[in-house]
Amino acid sequence: MDYSICFHDGNITDLINSRTLHARHDFNNDLQMHSSLVRRLTLEKELEGHRGCVNSIAWNSEGSLLISGSDDTQLNIWSYSSRKLMHSIETGHSANIFCAKFVPETSDELVVSGAADAEVRLFNLSRLRKSGLEERAIIPSAVFQCHTRRVKKLAVEVGNPNVVWSASEDGTLRQHDFREGDSCPPAGSSHQECRNILLDLRLGAKKSLADPPKQSLALKSFDISSTRPHLLLVGGSDTFARLYDRRMLPPLSSSQYKLQPPPCVNYFCPMHLSDLGRSSLHLTHVTFSPSGEEVLLSYSGEHVYLMDVNLDSGSTMRYSSGDVSNRISLSPLLRGVEMHSSRSGVSSNGFPRTNKAGLDRCKKLVQIAEKSLKTDTDYYYGIEACNEVLDGHGHEIGPTLMHECLCIRASLLLKRRWKSDSHMAIRDCHRALIINPSSTRALICMAEALFLLEKHKEALEFAIASRSLAPTDSEIMERVESIKKNVAAAEADKANTESDRGTKASYRAGRVLSLSDIIYHSEGDNDASIDGPEREDSEYDEELELDFDTSISTEGGYDVDSDVLPRNLNLRIHRIGDSAVETERPNGSCEWPLLSCENEAPYQPEMAVDMKQRYVGHCNIGTDIKQASFIGQRGEYIASGSDDGRWFIWEKKTGRLIKMLHGDDAVVNCIQCHPHDCVIATSGIDSTIKIWSPNSPVASIVAGGAAGPETSDVLDAMEGNQRRLCRTRETILPFEILERFRMHEFAEGSFHPFECTQS
């Protein structure tokens with residue numbers, strides 16, 4: 001495949017020469033992450049100074065300093081110019097630091113940290129500079145102890161030196177104003193409750209788009225728009241990111257009552273993830289683009305997705321819960337509800353808006369993809385060829401070529417069968433049928449995709465429709481008969497499984513369930529297909545609560561170190577209503593019941609914004625702090641860490657993988673681009689921070705199965721990541737209960753409830 005046509009930012013020499021012809025104030029923005037520089041990124045230096053996993057890194061606004069937070073509870077300040085450690089702060093946190101920020105407009109004197117001990121701490125670096133590097137312990141300027149669970153993300157507002165926001169797994173987003181006090185009220189004071197909850201989502205989690213929010217949303221990430229700072233983006237323990245307007249939120253409140261969540265401006269969720277019911281899928285990172293016009297969502301157990309912020313009310317990217325079922329139904333297509341003609345790529349006179357050279361390049365790429373399909377080889381690169389045509393030139397090509405390319409990509413996706421590939425094939429088939437409602441190729445591909453998702457009734461409907469339109473096409477007839485045969489076999493297996501369920505239930509009743517039985521749901525033949533069906537709701541009651549007693553009775557009444565848990569834990573699992581468990585914080589905040597409202601209005605399901613691009617190849621299951629970031633001031637590239645110790649860079653527009661670099665011996669979690677230069681900092685399970693710059697003597701990209709000297713075989717690495725994604729065991733206990741296990745440290749050799757507990 002000729003990748004020379006795939007870069008959309010032109011030749012860097014031409015760009016530099018253009019400065020003499022056109023005075024442009026944004027030249028540096030174009031140059032910062034030019035493709036020719038991205039292709040030369042290589043490891044420049046490792047920063048050593050931590051003694052544990054580095055969970056957070058952030059640049060100051062000028063890019064002269066880098067702050068990092070670690071499991072060793074230290075904050076380190078690094079010099080960008082010298083690449084050396086300047087200051088190290090013993091924060092006093094009693095658990096892992098997950099987030100750290102410079103407070104803006106303070107001459108980089110104030111820094112703030114959030115940690116697994118549920119505390120937010122503010123430090124003044126001027127005190128440290130006076131004492132020198134040897135004196136690491138300084139008294140925090142403020143300590144906020146109002147959260148009850150781990151603090152996972154902090155945010156600051158450009159130009160605002162007085163306020164910092166913290167998001168916690170307790171379901172609250174809190175606003176800390178330094179002008180109102182330097183800490184939470186002391187225990188026993190008359191004004192004990194902190195009234196600083198900006199967003200209460202303790203009843204905000206949704207199982208699907210149609211269902212009302214009921215459960216606690218453990219917040220994992222949030223961001224403030226740099227261009228419109230009144231907009232907040234939050235993500236947590238369900239599949240929906242939420243956009244809020246601060247100007248429309250109620251006044252700050254305390255945690256005395258769990259309040260119904262305020263209405264949000266927009267929900268963001270890929271349509272195929274919006275109706276999963278109970279699922280362990282959740283967001284690990286959400287962020288705005290530099291322009292504020294797009295958002296990026298990174299999922300644990302899934303991929304990275306790009307979405308638009310500003311959409312018209314009639315945009316096809318907005319969908320309701322009814323649209324989810326309509327996409328896999330033949331009836332709306334037959335009724336012509338969505339059979340509007342596609343005007344993409346067609347000018348007012350009916351001809352494609354493209355030049356002949358561009359059209360010839362697109363046709364060549366389609367031929368490459370068609371060859372991959374016919375020869376059953378190089379599915380990945382065939383799909384990327386289609387991505388280049390549809391996403392890179394979709395506004396230029398005509399409907400005939402678009403329809404052909406959509407059908408080819410759908411067929412390739414069904415052969416590759418990576419995570420959610422079947423759902424992406426359904427999207428393509430749906431688009432193709434809108435262009436041509438009589439497309440037998442789109443209909444039969446839709447049927448095959450639906451069968452893979454165990455939508456047997458719908459699969460048969462589309463298969464029969466394709467046969468009725470092409471009764472003499474032997475290939476179509478053969479594929480239809482194959483689908484009918486496979487559906488019959490699958491239905492028979494399902495019937496046998498249901499008949500065996502009673503026997504299994506009797507067996508379970510006669511034995512003691514292990515903790516593994518309780519936590520994890522057996523998936524049976526989970527490896528049968530990488531892109532298999534979504535798991536149905538668990539037969540277990542969701543209203544469960546789990547406590548575990550960690551007290552140790554000792555002779556003589558001596559206290560036991562609270563940091564050491566016993567090897568034998570007393571587990572009590574009961575329904576939520578059986579007893580009340582309240583956890584009190586030093587400031588007196590605790591879990592309180594819902595403030596009930598009589599005559600509550602019926603729930604009205606909201607609309608959500610669908611994806612416009614997907615980024616695949618990495619693996620995100622081992623940690624829940626894994627970031628996906630826009631790279632550069634224009635955000636033309638997307639980067640994410642991975643559980644295989646690599647980090648990935650994709651072209652934003654087409655989703656094409658550009659670079660894959662080895663960044664950690666275990667997991668890469670954090671990726672932060674320098675605000676002005678083509679320099680990227682990464683961190684993860686290793687105790688070092690890696691600095692990457694375009695110093696490689698040879699430019700390399702992911703092409704032909706290799707990524708240059710950094711990675712010998714890209715496809716093997718990505719296939720391995722897909723297998724990891726699909727081997728994850730679905731949990732049957734509510735997410736909030738499982739998080740309680742993660743809150744505790746376990747001594748070496750003792751009970752380990754999870755396979756991966758780095759975060």
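Visitor: Which residues have the most contacts inside the largest nonpolar core?
Guide: A nonpolar core is a set of buried Ala, Val, Leu, Ile, Met, Phe, Trp, Tyr and Cys residues joined through side-chain atoms within 4.5 Å. Buried means under 20% relative accessible area, exposed over 50% and partly exposed in between, with a 1.4 Å probe and protein chains only. The largest core here has 93 residues, and those with the most contacts inside it are Leu-173, Phe-268, Leu-297 and Phe-462.

Visitor: What should I know about the model itself?
Guide: This is a predicted model, in which local features need pLDDT of at least 70 and side-chain atom pairs count only at pLDDT 80 or more, while totals for chains, interfaces and linings use all residues. Residues are numbered from 1 along each chain as its sequence is written, and side-chain values use heavy atoms, leaving out hydrogens and water.

Visitor: How far apart in space are Leu-414 and Met-446?
Guide: Along the sequence, Leu-414 and Met-446 are 32 residues apart. In space, from C-alpha to C-alpha, the distance is 9.7 Å.

Visitor: How many residues of H8 are buried?
Guide: Helix H8 covers residues 379–392, which is 14 residues. Its buried residues, including Tyr-380, Ile-383 and Leu-390, pack against helix H7, H9, strand S28, strand S29 and helix H15. H8 is mostly covered, and of its 14 residues the number buried is 12.

Visitor: What does H8 span from its first C-alpha to its last?
Guide: The expected span is 1.5 Å times one less than the number of residues. For H8 that expectation is 20 Å, and the model comes close to it, at 19 Å.

Visitor: Which strands lie at the edges of the six-stranded open sheet?
Guide: Two strands pair if DSSP finds at least two bridges between them. The sheet runs S14-S15-S16-S17-S24-S21 with mixed pairing. Each edge strand pairs on one side only, and these are S14 and S21.

Visitor: Which residue of S24 stands opposite Arg-318?
Guide: S21 and S24 pair in the antiparallel sense over two bridges. Opposite Arg-318 stands Val-609.

Conventions:
Helices (H or I, at least four residues) and strands (E, at least two) are DSSP runs, numbered from the N terminus. Contact means heavy atoms within 4.5 Å.
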